[in-house]
Amino acid sequence: MKILELYSKEETKNLKMGLTVLSIILVIFFIILFSRDEISHQGGGSYYQIYARFNRTDGLLVGDAVRLAGMNIGRVVNARLDNSFKAILTLEINDKIKLPEDSSAAIVSSGIMGAKYIEIEPGGSEDMLAPGSEFSYTQDAMVIEELIERIISIGKAKRNNSKGENKQ
């Protein structure tokens with residue numbers, strides 16, 4: 001350890017601490033990477049297609065995940081516009097997963113700036129969605145910029161109202 005002798009005790013301590021933290025982060029990363037319990041397309045399973053129609057799909061891309069209860073059950077394989085300028089997404093769902101016909105599909109994101117995906121909320125119907133059918137209920141993507149703008153305008157309005165009340 002002649003390299004460490006070139007540094008002061010404080011520098012050596014900081015270097016060892018940094019390497020320890022880096023090692024812990026790498027171990028956690030690999031544990032998360034290799035311990036995922038998801039249904040994957042590399043598994044060679046078979047899939048069926050379902051369609052979902054949205055007014056806006058901001059940030060959702062072909063190849064993004066389709067999830068049910070936080071588990072990957074498929075992916076978005078195609079996106080196109082219909083004649084009324086709505087987005088029609090083609091979803092591949094694992095054959096092992098049967099969805100009630102009154103299920104809904106929503107575009108959500110994992111965290112504030114996270115990647116978008118489609119979350120399926122299963123319905124209570126006894127009848128299942130047939131391959132090639134379409135979700136009856138969908139919820140469009142929330143645009144973060146618009147949400148922040150609304151929050152700011154509400155805050156400004158409340159501040160202006162409270163200033164007006166204080167003058168009276």
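Author: Five of the six residues of strand β6 (residues 116-121) are buried, so β6 is largely enclosed by the rest of the structure. This is a predicted model: local features need pLDDT of at least 70, side-chain atom pairs count only at pLDDT 80 or more, and totals for chains, interfaces and linings use all residues. Residues are numbered from 1 along each chain as its sequence is written, and side-chain values use heavy atoms, leaving out hydrogens and water.

Reader: What does buried mean?

Author: Buried means under 20% relative accessible area, exposed over 50%, and partly exposed in between (1.4 Å probe, protein chains only). At 47%, Phe 29 counts as partly exposed.

Reader: What counts as a strand?

Author: Strands are DSSP runs of E, at least two residues; helices are runs of H or I, at least four; numbering starts from the N terminus. Phe 29 lies in helix α2 (residues 9-34).

Reader: Which strands pair with β6, and in what sense?

Author: Two strands pair if DSSP finds at least two bridges between them. Strand β2 (residues 65-68) pairs with β6 in the parallel sense, over three bridges. There, Arg 67 stands opposite Glu 119. β5 and β6 run antiparallel, joined by six bridges. Ser 109 stands opposite Lys 116 in β6.

Reader: How do side chains sit in a regular strand?

Author: In a regular strand the side chains alternate between the two faces of the sheet.

Reader: Where does Glu 101 lie?

Author: Glu 101 lies in the loop between β4 (87-94) and β5 (104-109). At 37% relative accessibility, Glu 101 counts as partly exposed.
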